[in-house]
Amino acid sequence: MKRNVLMVMVITIFMFTVFGITYAWQGRMDGMGNPSGLIPDESDFLINPARIADGHSGKIFNHYGFSYTGVNNSWDADSSRSLIPIGLSYNLENDGGVWWNEALIGVSHPLGSGKIAVFLEYEGNYGDLEGHEVLDLTSGSDFASIDLENDVNTDMSDVALRLVYGLPLGKVFKLGTEIKIAYRDEEAGWDQRLDDLVISGFPFSASGEASNLPTGLMRYILPPYDSDYWNLSFKLGLNWKVGEVVCDFAPRGGFIFAGDNEWASHLSGGGTDGVDTLNITNDFDMDGDVDGWNFGFDFWLRFPVTADTSMPLVFRLDYQEKERDGSGDGELGISSTFGPIGTGPYSFEHDSQENLLTITAGGGFDIGVSEHTKIAIGLFYNYMNSKNDLEMTLSPEGSGVDVITETGGYPEYSEHQSKLQLAGEHRASPCLTMRGGLSIFYGWVSEEYDFDGGVDISGLGSASSLINNGISLDGNRWGIEASLGASWVCDRVTIEPFINGGYQRVNLDGDEDWSLLGIDVLAFDVDKEKDEWFVGGGFSLLFNL
């Protein structure tokens with residue numbers, strides 16, 4: 001389904017390209033590293049719909065962009081304290097890549113005293129990471145080791161219809177509005193397979209595989225889900241002048257409706273010591289809903305400094321919440337050479353919530369160096385805070401017992417970031433303009449994980465924190481990104497190709513603690529690293545009607 005949607009979009013773009021009915025805009029900004037608010041651009045009306053009131057001619061648009069991101073994750077932990085004399089270490093490593101694509105097709109036309117535009121948009125990505133999770137235990141001369149292969153997959157596609165209208169109100173004021181409806185399909189999950197199991201002094205062999213099972217270190221990577229939903233959003237745009245100062249304000253909000261969510265899991269495995277065998281199976285399937293809402297706004301000011309220089313100031317805020325839930329039945333089976341040991345149905349339910357807050361504030365200078373050359377420099381502060389919580393309840397049928405786990409944070413992530421952005425363009429001839437951009441950032445990062453597990457026995461009350469696991473990490477994230485682009489103009493047609501690439505690295509370390517019935521039993525020193533590099537590109541095309 002998702003691949004078919006992408007193919008339809010690509011074919012549509014190809015048709016528009018062949019007939020020359022296209023409009024370049026985002027290609028200019030992408031060729032300079034997307035300095036939104038720092039350098040004015042006609043595509044600003046995608047941020048503030050009042051900006052579409054500028055100009056009177058109709059236009060037809062399309063844009064395509066893609067990127068490939070290589071990812072390498074590493075998580076290492078070594079025990080630093082233990083209630084019993086054992087040594088324990090575990091690590092997770094996986095690497096792979098994420099493909100991302102976006103496409104946009106639209107048309108604008110004068111309507112009344114203003115202008116209207118309609119867009120069809122597509123965005124999608126597909127990620128695949130593979131690696132190993134290894135646990136090693138030592139006690140004197142004895143040791144044990146388990147090695148699990150993992151395969152993490154993420155998939156997202158979003159198709160949206162956007163309607164924008166803006167009109168001037170007098171000489172210094174413009175008003176705009178936007179309505180957007182989108183259908184999104186999201187999937188995330190993992191598969192694990194037992195690659196090796198060694199126990200000293202015990203001739204035991206085993207095999208097994210699992211999918212989307214919330215155990216081990218994988219539970220800290222992402223909660224599994226298979227979701228689809230609709231999102232309806234609204235935006236209001238205001239653009240006005242106070243003297244020579246240009247002001248933009250664009251509040252927005254939206255909500256999710258008609259959402260469905262599924263979480264299915266499977267486990268099968270067994271082992272033998274050459275005499276007896278032990279087999280285990282476990283399956284569950286939960287169905288539920290997706291709900292959520294979002295709010296944000298952009299506020300821009302642009303102060304004239306000289307005839308060729310201005311000082312833009314930018315402030316942006318975004319907040320969103322998304323909740324997934326589900327309930328269903330499962331079946332656990334354990335058997336040996338001598339027959340069934342224990343089987344039984346159970347009910348399972350979960351509730352997960354994702355919160356994300358981002359804030360950007362900063363400014364800079366937009367400088368006309370000459371008639372054909374301009375540069376811009378900006379310094380920005382970015383704040384990001386995200387938290388994914390997950391609560392699960394397992395209830396064996398007829399037992400009167402609820403096993404409850406709460407995970408606060410996948411993780412709870414906070415970052416304070418400073419970013420330097422440079423952009424510029426030069427018109428080499430009436431037909432050709434060259435441009436480029438460079439951004440460098442450094443962020444101070446903290447991550448917090450918290451897990452509680454307990455039981456609730458009917459008639460006896462609850463013990464909500466029999467076992468607790470807490471992880472606290474801090475460190476830094478830094479990166480660099482560069483972009484190159486160009487515009488080629490021929491009569492009413494403009495072609496704007498662009499390429500970009502970058503690298504970023506995360507370095508975190510800290511402590512992990514385990515407690516049982518309130519007693520500290522185990523502690524680890526933890527190091528987490530992540531490397532990402534990406535390359536991308538695309539093009540925009542322009543045709544003025």
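Figure 1. Ser352 belongs to strand 11, which covers residues 339-368; helices (H or I, at least four residues) and strands (E, at least two) are DSSP runs, numbered from the N terminus. The model is a predicted one, in which local features need pLDDT of at least 70 and side-chain atom pairs count only at pLDDT 80 or more, while totals for chains, interfaces and linings use all residues. Residues are numbered from 1 along each chain as its sequence is written, and side-chain values use heavy atoms, with hydrogens and water left out. With a relative accessible area of 8%, Ser352 is buried; buried means under 20% relative accessible area, exposed over 50%, and partly exposed in between (1.4 Å probe, protein chains only). Contact means heavy atoms within 4.5 Å. Apart from neighbours within four places in sequence, Ser352 is in contact with Lys322, Glu323, Arg324, Asp389 and Leu390.

**Figure 2. The whole protein.** The protein has two helices and 17 strands. Its C-alpha atoms fill a box of roughly 85 × 45 × 40 Å, taken along the principal axes. The protein has 545 residues, and 45% of them count as buried. Among contacts with a separation of 6 or more, 73% come from residues 24 or more positions apart. The accessible surface is about 25600 Å², and 61% of this surface belongs to carbon and sulfur atoms; accessible areas come from the Shrake-Rupley method with a 1.4 Å probe, and for residues only the protein chains shown count as cover.

**Figure 3. Two nonpolar cores.** A nonpolar core is a set of buried Ala, Val, Leu, Ile, Met, Phe, Trp, Tyr and Cys residues joined through side-chain atoms within 4.5 Å. The largest core has 15 residues, and those that touch the most other members are Trp75, Ala77, Leu473, Phe524 and Val526. Two or more residues of this core come from each of strand 1 (59-82), strand 2 (87-111), strand 14 (432-457), strand 15 (461-490), strand 16 (493-516) and strand 17 (519-544). A second core of 11 residues is separate, and Leu213, Phe284, Tyr346 and Leu390 are among its members.

**Figure 4. Strand 17 and its partners.** Two strands pair if DSSP finds at least two bridges between them. Strand 1 and strand 17 run antiparallel and are joined by 23 bridges. Here Phe66 is opposite Gly537 of strand 17. Strand 16 and strand 17 also run antiparallel, with 24 bridges between them. In this case Leu508 is opposite Lys528 of strand 17. Strands 16 and 17 form a hairpin with two residues between them, and Leu517 in the turn has a positive phi of about 55°.

Figure 5. Asn34 is not a glycine, yet its phi is positive, about 60°. Asn34 is found in the loop between helix 2 (26-30) and strand 1, and is partly exposed at a relative accessible area of 42%. Ala258, also a residue other than glycine, has a positive phi near 55°. Ala258 is part of strand 8, residues 245-272, and is exposed, with a relative accessible area of 53%.

**Figure 6. Salt bridges.** Side chains of opposite charge can pair when their charged atoms come close. A salt bridge is a side-chain nitrogen of Lys or Arg within 4 Å of a carboxyl oxygen of Asp or Glu; by this rule there are 30. Asp318 forms a salt bridge with Arg252, with 2.9 Å between the closest N and O atoms. Asp318 lies in strand 10 (residues 309-336) and Arg252 in strand 8, so the pair ties together parts that are 66 residues apart in sequence. Asp318 is partly exposed at 21% relative accessible area, whereas Arg252 is buried at 13%. Asp44 and Arg51 form another salt bridge, their closest N and O atoms being 3.9 Å apart. Asp44 is buried at 2%, and Arg51 is buried at 17%. A network of salt bridges links Asp158, Arg184, Glu186, Lys322, Arg324 and Glu354.

Figure 7. A disulfide is a covalent bond between the sulfur atoms of two cysteines; here the term is used for a pair of cysteine sulfur atoms within 2.5 Å. The whole structure contains zero disulfides. The closest cysteine sulfur to that of Cys431 is in Cys490, 6.9 Å away, which is too far for a bond. Cys431 is partly exposed, at 38% relative accessibility.
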